[in-house]
Amino acid sequence: MTDFVPKTHPIRQWADTFPWVALVSAIEQSFDTRFPKKSLRGRRPVPLRVLFALELLKHELGASDEDICHRLRTDFAVMYACGLREYQVNPAQAHFVLPETLCEFRGRLDAALMDELLAIQAAAAMDEGLVSPSHLVIDTFPSEQGSQRVTDATTLYKAQKKRSRSSTTSRSRATAGPPNSKTKPKA
Amino acid sequence: MRGFGRRCRGQGRVFVTLVRQTAQQLLALGEPIKTLGFKAQEHLEHTVTLGEAQRQRLTLALTTAMSHHAHIRQQSTRLTHGKKLRHCKLVNAYDPTIAPILKGKSHCPAQFGRKPGIASEPATGFIFATLVPTGNPSEPSYVLPLLDKVQRAIERSQTGPQRQIHSVAGDLGLNDAVVRQALHARGILTVGIPKTVEPIKTNPSAQDVFDILTEAGLHRKRTPYQVHLACASGYSRPVVESHIASVLARGAGHVRYKGLEGAVLQQGMIVLAHNGAVMVRIRQQQWSKRAQKFRRLLGLKLPKVNEINSPKN
């Protein structure tokens, strides 16, 4: 994979900045404590490195779960960012990730783990001597909560409006009578 | 139907009757859940085949689900009975962690949602910590939790000299006597937090530096050079806006995951992705003039560039 993705590729450069080993081991440790494995049977899980990189890439590229999972199958740069160094033809292997799997992985992450991951990244950047926490700027910004419940009144109102509109159209069609015989029949 | 705010600012309509009808249907549908939940709990206690750890996990999950259901049911009953909710206290009946952002334009619909806070480096925009609180508390309450997170990151750092936070900058919203006192007790300068609308002096005189150190009580802890740096890195709106714009460009302005936990997760992931992009910029030495000067003053080293120039022809 490293031969296919040039060193100047933005995703490769971006992916090379992360301390992946430390980040993934922190996630593994947290998951092992909170969700202990009951059995060793069954299919091998998708590597955490792949899932975590996909989640980050999703925000970096502004893609949806489905989009990023599709790109993982075809885009070498995305595969590189996910730590896959060899292309596997068999789709049943590690680089085949379903959006549902990504969603389950996300459900296991919690606030404490996120703080730890950010601290690991900051510590790695400080160790490299690239950033310094000596002088900080603190600010806030507004963020809209966009999750919409199924029972939302607006959604229900729109659905009812759509239904009434469609029933009105069908009724008007019915009252208009059979189509004109002069019109050309569709093939 | 009720409308909030001026029409010219957008329509904030709530279909009260429709909400009540829907809530009534859902309440009727979910009536047996409580009884079934209790029965499930009883069965769980008497099951012999489960291990202790698994039983505890399932009991915890069931209790959480039951408490969530009880909360939603309580709010739905309030809606059905037409009981008024407290003004400016609750935005979403089913998610009490959302609250209106209190400061807004007069006679306009209040902004509501989350108000994440960030602690970033002014030179490059690297974000050291992020905080998504429950509701929308006052801005000074963000400062100490954010600094605690930065301190934890500093403690994780293994190489180089022991790092310290020298100064904190912010807007007029952070101007709070208690916060200033707490920061001074930690040995942190607060020159960057303005007290009035007047801009902060970027080049303070020797007398100004002496006054700043005396006011903070940090004569032995902070040097005049550090005060000069703190003044230079003092709050600048365009700098902070550029950091926020970068985060917003990655979708931080719209929380797509559910609840407070979802918001925390999304903001965290966005900040990690943003920091990756910042690191790329640092390694490629793509800095503004201000950032170049600031890095030089801080003594931050240049990243090693081991690239061999490829032949042009």
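Ile118(B) is the bridge partner of Asp139(A) in strand β5 of chain B, a pairing across two chains of a predicted model. Four bridges connect β1(A) with β5(B), and the two strands run antiparallel. Strands are DSSP runs of E with at least two residues, helices are runs of H or I with at least four, and both are numbered from the N terminus. Two strands are paired if DSSP finds at least two bridges between them.

Residues are numbered from 1 along each chain as its sequence is written, while chains are lettered from A and ligands numbered from 1 in the order in which they are written. As the model is predicted, local features need pLDDT of at least 70 and side-chain atom pairs count only at pLDDT 80 or more, whereas totals for chains, interfaces and linings use all residues.

Within β7(B), Val168(B) stands opposite Leu136(A). On the chain B side, β5 (residues 117–120) is joined by four bridges to β6(B), and these strands run antiparallel. Ile118(B) faces Thr130(B) in β6(B), and Ser120(B) has Ile127(B) as its bridge partner there. Six residues lie between β5(B) and β6(B), which form a hairpin, and Gly125(B) in the turn has a positive phi of about 90°.

| Pair | Bridges | Direction |
|---|---|---|
| β1(A) and β5(B) | four | antiparallel |
| β5(B) and β6(B) | four | antiparallel |

Burial is counted from C-beta atoms placed from the backbone: a residue is buried if 20 or more other C-beta atoms lie within 10 Å of its own, exposed if 12 or fewer, and partly exposed in between. In a regular strand the side chains alternate between the two faces of the sheet. Both faces of β5(B) are covered, with Gly117(B) and Ala119(B) buried on one side and Ile118(B) and Ser120(B) buried on the other. Strand β6(B), residues 127–131, is largely enclosed by the rest of the structure, because five of its five residues are buried.

**Contacts between the chains**

Two residues are in contact if their C-beta atoms, placed from the backbone, lie within 7 Å. By this criterion 49 residues of chain A are in contact with 85 residues of chain B. Helix α9 of chain B, residues 259–283, gives the most to the chain B side, with 17 residues. That side comprises 48 nonpolar, 23 polar and 14 charged residues; Ala, Val, Leu, Ile, Met, Phe, Trp, Tyr, Cys and Pro count as nonpolar, Asp, Glu, Lys and Arg as charged, and the others, Gly among them, as polar.

**Chain A**

Chain A has eight helices and two strands, in the order α-α-α-α-α-α-α-β-β-α from the N terminus. Of its 187 residues, 30% count as buried. In helix α4(A), residues 65–74, the residues Ile68(A), Cys69(A) and Leu72(A) are buried. The buried residues of α4(A) fall within an arc of 100° seen down its axis, so they line one face of the helix; the arc is that of the directions from the helix axis to the C-beta atoms. Glu66(A), Arg73(A) and Thr74(A) are exposed on the face turned away from the buried side. The cover over the buried residues of α4(A) includes α3 (48–61), α5 (76–81) and α6 (99–108) of chain A.

**Chain B and confidence**

Chain B contains ten helices and nine strands, and buried residues make up 31% of its 313 residues. The chain is divided into domain 1 (2–81) and domain 2 (117–298), with bounds that come from an automatic or database domain assignment. Their centres, taken over C-alpha atoms, are separated by 41 Å.

The loop between α9 and α10 (289–298) of chain B holds Gln285(B), a residue other than glycine with a positive phi near 55°. Gln285(B) is exposed, with 12 other C-beta atoms within 10 Å.

The model scores ipTM 0.77 and pTM 0.73. The pLDDT, which is the predictor's confidence in each residue from 0 to 100, has a mean of 80 in chain B, where 80% of the residues reach 70 or more. Confidence in chain B is highest in β6(B), at a mean of 94, and lowest in strand β1(B), residues 2–3, at 42. The pLDDT is below 50 over residues 1–7 of chain B, a stretch with 16 contacts in the model beyond near neighbours in sequence. Where pLDDT is low, the predicted coordinates should not be read in detail.
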